[in-house]
Amino acid sequence: MIFIEKCQLILLHYCIMITTIRTNENDLEGIMFIEERYKYILDLLEKDGKVLVKDLSVQFNISESMIRKDLQVLEKKNLLQRTYGGAINIKRTIVNGESFFKRVEKNTDLKEIIAKKAYDQIKESDTVFLDASSISYILTKLLIKSNKDITLITNMVEISSMIPLDSKIHVIFIGGDYNALVGGNIGSHSIEQIKLYRCNKAFIGCSGIDLRDGSISTGESEDAGTKKAIMNISKELYLMATNERFNIDGIFNFSNIIDFHSIITEASPSNTIMTLLEQYDVNLI
């Protein structure tokens with residue numbers, strides 16, 4: 001009798017061991033499968049730029065709620081951006097400031113398109129503020145050529161020296177501390193002068209646009225403060241930026257995309273960017 005009981009205990013112990021081993025193996029397989037899903041999702045994002053929850057649910061034969069949990073995990077690791085019904089891939093780079101003269105020579109064909117679109121927004125008798133940017137420089141050339149009867153306020157040194165003596169354009173130049181990287185006067189002295197004026201339209205440049213939270217950035221701290229001051233005196237705000245700015249950042253945030261009336265860019269951005277832009281009440285020109 002004792003022998004039989006011992007045999008039963010040994011058999012029970014053996015069964016428990018087998019069950020534990022199988023459970024651990026299943027857990028390991030589950031972990032490996034999750035990691036494989038993560039890799040597949042990231043590879044798909046790299047290829048197509050976006051993924052849909054319903055498609056991934058079918059491909060993996062698991063619930064949509066499980067897929068959403070996967071996307072939440074990957075978003076917390078800053079590997080993707082969740083959207084309604086799925087996720088998109090958005091890579092970001094922090095850029096260092098370049099001098100105005102280097103910037104004005106880059107992507108001139110794209111900037112000319114943006115400048116022309118900005119020019120079309122400016123009407124006779126407007127009071128316009130152009131901040132220090134390479135696109136503002138190109139835009140000023142268009143304004144001089146058309147000789148529109150406007151008041152132009154600017155903190156950009158190069159612009160102030162471009163206006164002919166017989167031009168209809170009335171120029172108000174903002175002084176202050178000149179910054180070669182920005183290409184204009186910035187800082188506390190400039191801000192105090194900016195506060196003395198009002199304009200109905202302001203055209204602002206930037207280093208980067210982060211559509212994950214809508215932040216707009218620049219590469220210089222005092223330039224950030226100066227841009228804020230310009231924005232505070234204008235009724236309508238236009239952000240001028242090439243499409244590449246949607247994927248890069250400056251170091252200093254100065255505003256949010258919702259502060260702007262319109263974003264002027266050279267062409268419609270990618271589907272990935274357009275999906276993110278739909279979250280914000282902003283006009284794309």
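Which residues are buried in helix 3?

1. Basis. This is a predicted model, where local features need pLDDT of at least 70, side-chain atom pairs count only at pLDDT 80 or more, and totals for chains, interfaces and linings use all residues. Residues are numbered from 1 along each chain as its sequence is written, and side-chain values use heavy atoms, with hydrogens and water left out.

2. Overall make-up. The chain has 10 helices and 17 strands. Helices (H or I, at least four residues) and strands (E, at least two) are DSSP runs, numbered from the N terminus. Of the 285 residues in the chain, 45% are buried. Buried means under 20% relative accessible area, exposed over 50%, and partly exposed in between (1.4 Å probe, protein chains only). Take the contacts between residues at least 6 apart in sequence: 65% join residues at least 24 apart. A contact means heavy atoms within 4.5 Å.

3. Helix 3. The buried residues here are Ile67, Asp70, Leu71 and Leu74. They cover an arc of only 95° around the axis, so they sit on the same side of helix 3. The arc is that of the directions from the helix axis to the C-beta atoms. An α-helix has 3.6 residues a turn, so residues three or four places apart point the same way. Lys69 and Lys76 are exposed, on the face of helix 3 turned away from its buried side.

4. Helix 3, span. The helix runs over residues 64-76. Its 13 residues should span 18 Å at 1.5 Å a residue, and the end C-alpha atoms are 18 Å apart, which agrees. The expected span is 1.5 Å times one less than the number of residues.

5. Positive phi. Most residues other than glycine have a negative phi. Asn61 has a positive phi, near 60°. Asn61 lies in the loop between helix 2 (53-60) and helix 3, and is exposed at 71% relative accessibility. Ser125 has a positive phi of about 75°. Ser125 is in the loop between helix 5 (108-120) and strand 5 (127-130); with a relative accessible area of 63%, Ser125 is exposed.

6. Largest pocket. The space in the largest pocket is about 550 Å³. It is lined by 28 residues, and the closest to its centre are Glu98, Arg103, Cys206, Ser207 and Arg245. Helix 6 (134-146) and helix 9 (221-232) each supply at least two lining residues. On a 1 Å grid over the protein atoms alone, a pocket is an open set of points where a 1.4 Å probe fits, with protein on both sides within 12 Å along at least five of seven lines; lining residues have an atom within 4 Å of a point. Grid points are joined across faces, edges and corners, and the volume is the space filled by probe spheres set on the points.

7. Helix 9. Its buried residues are Asp223, Ala224, Thr226, Lys227, Ala229, Ile230 and Met231.

8. Ser190. This residue is in helix 8 (residues 188-194). Ser190 counts as buried, at 0% relative accessibility. The side chain of Ser190 reaches the backbone nitrogen of Ile186 at 3.3 Å. Not counting residues up to four places away in sequence, Ser190 touches Ile174, Gly175, Gly176, Asp177 and Asn185.

9. Thr265. This residue is in the loop between strand 16 (262-264) and helix 10 (271-277). Thr265 counts as buried, at 1% relative accessibility.

Definitions and conventions
A polar contact is a pair of N or O atoms within 3.5 Å; within protein, one must be able to donate a hydrogen and the other to accept it, and residues adjacent in sequence count only if both atoms are side-chain atoms.
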